[in-house]
Amino acid sequence: MMKKIFILSAFLLIVFGINALAITIYVSPSGNDKNPGTKQKPLLSLAKAQMLAKDYAQKESVVVIFENGTYYLPQTIVFTPQDNPGNRNITYKAAEEGKAVISGGSLLNLKWKPFQNGIYVAQIEGNPDIDQLYVNGVRQRMARFPNVVGNKNVFDTWELSHKTKPDTATNPLYAERVKKWNNPTGGYLHAMHNLLWGDMHWLIKGKKNDTTLLYEGGWQNNRPSAMHGLYRMAENIFEELDAPNEWFYNAATKQIFFMPDAKTNLATAKVEIVRLKSLIQFQGTPNKPVKNVHLQGLVFRHTARTFMENKEPLLRSDWTVYRGGAILYSGAEDCSIQDCEFDQVGGNTIFVNNYNRRIAVKGCYIHHSGASGVVFVGDPAAVRSPLFRYGNQKYATLDRTAGPKSNNFPEDCLVENCLITLTGREEKQTAPIHISISHKIRINHCSIYDVPRAGININEGTFGGHVIENCDIFNTVLETGDHGSFNSWGRDRYWTPDINETCREVEKDSTMPFWDMLAPNIIRHNRWRCDHGWDIDLDDGSTNYLIYNNLLLNRGLKLREGYKRIVTNNIILNSSLHPHVWYRNSGDVFKHNIVFAPYQPAIMTSAIAPDGKWGKEIDSNFFATSKSAMTKFDKNGCDEHSLFGDPMFVDASAGNFQVSNPSPARTIGFTNFPLNKFGVVKPSLKAIAKTPVLPKLNTQLNTTTAVQTSKQFSWLGVPLREPKGEEMSAFGVGFDEGGVLLTLVNIQSDAARLGFRTGDLIQEMNGTSIKNIQQLQTLLRNLNTSNTTVVTVVRNQVKQQITIKTSFSKVIE
């Protein structure tokens, strides 16, 4: 009999998991916290369940089951190590997945009255700080100008022309517009970065005079700029309440004003507001972490926006960050969020802060978040010689010890089988998944799309070992620019903006680029598409990557300066490799790939590669285009053994880009990889997940690069070029700015004596803009060189002025 009981117990553990023998606590919206927490007499609140679970967990695992309904939290729930004294598994789960809602808001019982022009008004009790309004479960817009266009988001940057000067018809700072606002205090200004590198936000403090606002903010971008000339918006202004689904709250009179659309019946509508910034926090330390607490099957809603608290600069990237979210982990181990939905939270969704180990986010649906999806950020004090702004490194005082200074960062964490879409509703310098100062983060089988910037962003090299695999990432960079579906920076301590200076330092110690990376980052078995940047964009300094078996659908792969990027066996449709500003002896490899266009280089001058050779090996690739595309860069040591022709895809129209057995692509070493396993596999998520639009293949791509002119020009003995389009990314300027590139300046030349350097982009002369060689020629022709001449150039992504007080040749040959 005892043997049978033992076998039955073992069977239950195998079938039902560790919770089969757990204590069960029940919670219901109709319960009472004086109840014992049984199914017949459930508790009312999560807070009370937390207290009861703590007592049981000293000896046994605990499962807390939430019956269907909404649970409004009066305050943020905080888990500490004391909540699980026995380190048992404590699971907070929904009785039915997706039917129990944890809310940081309040349900309002309002009596609406007509106000004017389709606006209704209601009186609010108490003193709530109302950041967001939900009607029938849908987040409404604060009264704003300009009004939303159709069903677009805050900024429609790719629907409009890229103007740089404010338009009085849409500019919220236009004097006549501001004059109409009686009391704009408490309103907000939102604007894009002038190069579309994210966005910035300001709180309106009042008026300086009748037509000028007082405001503070703009700190939300680590490479700040003036407001974009076109993409600006003001909100929370009473006089701008003029469109359906807009609202305004007057805190002084405690009145809320709302203009419903034609489908909304306010007499029966469910009206909710937001109170909390965070719903649940895990607060431990490396020595005493919170352990084994799990969230399962729940819906999380109603958290406040936090864009004005997004102030902390991350290491030398374009980002700032707010260390908070609907769920915050700070000092936890072996905790998980599984099969949960995050619906319209106001700020970050899940933030994994500093020391955390083995945090897992699995099977979750994250959508319409105000900021980022899942964020991993460690402690900058764990980094040796940290710098926070884009700029020069001080090599003389550099800490030259490899590795981190402490363990205060996320490690061995997982995001798996998640659908993440429509994040960045309020903040644009955000990402569905963001990684900074972390080690060994794995992202597997995620579907990510419809977002303003990158789908996945890795902030810097610290501390590497990340794996991104089996993901489907597309419809990215929809409201910004100069970015990719995957984006990374590598401005680690080895890096400085001056390419030649970095090369000199690394040549003294070849291990420098790897000091902050404990292991390479791996990108494999993913499908990528970006329509306003690159499918994969490894930007400044990104180092130590293995990129293989990826399907790139549209804009190719960019590799800016860095070391040891090994790119093999990828399919790059309708595009190619975009090498930008490579280092000498970079160790880069690009082989066994299928490409559809010649390489698209930017500032790949012989000053960076003296022998003309690019990287360690660029060869044995297959060009699904002409021979001239394949041989275009043979002088740079490229593609001696590559082939061209028809890759013979099995069924390109159906998305099967595997090559058939007789394909010549096999000859150069390309091998097929699975093309039907991208994205989420959880049935309920797969049923609603979008997939990318497949491209129509173009094997007749123009084999001339846009950066070349039909006729070669030189000035002061320096060859000139006109960079265009995406090559402008290498200079850190807008794609439409233009200029004249000095491709190779000999150090003994007249140009060098005047102060010019290889790679300088001339954009102005004596205050007059220069977009092309013809404009430079016209200016020189009319220039009096006996006077002082001031030339503005872009050097190392920074504008500099060269003052010339001597005469020089004005002839362009």
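Most peptide bonds are trans, and most residues other than glycine have a negative phi.

With regard to phi, histidine 302 has a value near 65°, which is positive although the residue is not a glycine. Histidine 302 is located in the loop between strand E24 (299–301) and strand E25 (312–313), and it is classed as buried because its relative accessible area is 1%, under the 20% cut-off that defines a buried residue. Isoleucine 437, likewise not a glycine, has a positive phi of about 50° and is found in the loop that connects strand E38 (433–436) with strand E39 (439–444). With a relative accessibility of 1%, isoleucine 437 counts as buried.

A further loop residue, asparagine 544, lies between strand E49 (534–538) and strand E50 (545–548). The relative accessibility of asparagine 544 is 10%, and the residue therefore counts as buried. When neighbours within four places in sequence are set aside, the contacts of asparagine 544 are with Phe514, Met517, Ala519, Pro520 and Asn521, together with Tyr563, Lys564 and Arg565.

Among the helices, H2 covers residues 46–56, and its buried residues are Leu46, Ala49, Gln50, Leu52 and Ala53. These buried residues of H2 pack against five strands named here in order, namely strand E1 (23–27), strand E2 (62–66), strand E4 (77–79), strand E5 (90–94) and strand E21 (280–283).

For the protein as a whole, the model contains 8 helices and 69 strands. The radius of gyration is 29 Å, close to the 28 Å given by the globule rule for 813 residues, so the protein is as compact as a globular protein of that length. The C-alpha trace spans about 90 × 80 × 55 Å along the principal axes of the protein. Of the 813 residues, 59% are buried, and of the contacts between residues at least 6 apart in sequence, 70% join residues that are at least 24 apart.

Confidence in the prediction, expressed as pLDDT, averages 92 over the protein, and 93% of the residues score at least 70. Over residues 1–19, however, the pLDDT is below 50, and this stretch has 9 contacts in the model beyond near neighbours in sequence. Residues 702–709 also keep a pLDDT under 50, and for them the model has 23 contacts beyond four places in sequence. Where pLDDT is low, the predicted coordinates should not be read in detail.

Technical notes. Residues numbered from 1 in each chain as written. Predicted model: local features only at pLDDT ≥ 70, side-chain atom pairs only at ≥ 80, totals over all residues. Heavy atoms only, no water. Helix = DSSP H or I, 4+ residues; strand = E, 2+ residues; numbered from the N terminus. Rg over C-alpha atoms; globule rule 2.2 N^0.38 Å. Buried < 20%, exposed > 50% of the residue type's maximum accessible area, 1.4 Å probe, protein only. Contact = heavy atoms within 4.5 Å. pLDDT = per-residue confidence, 0-100.
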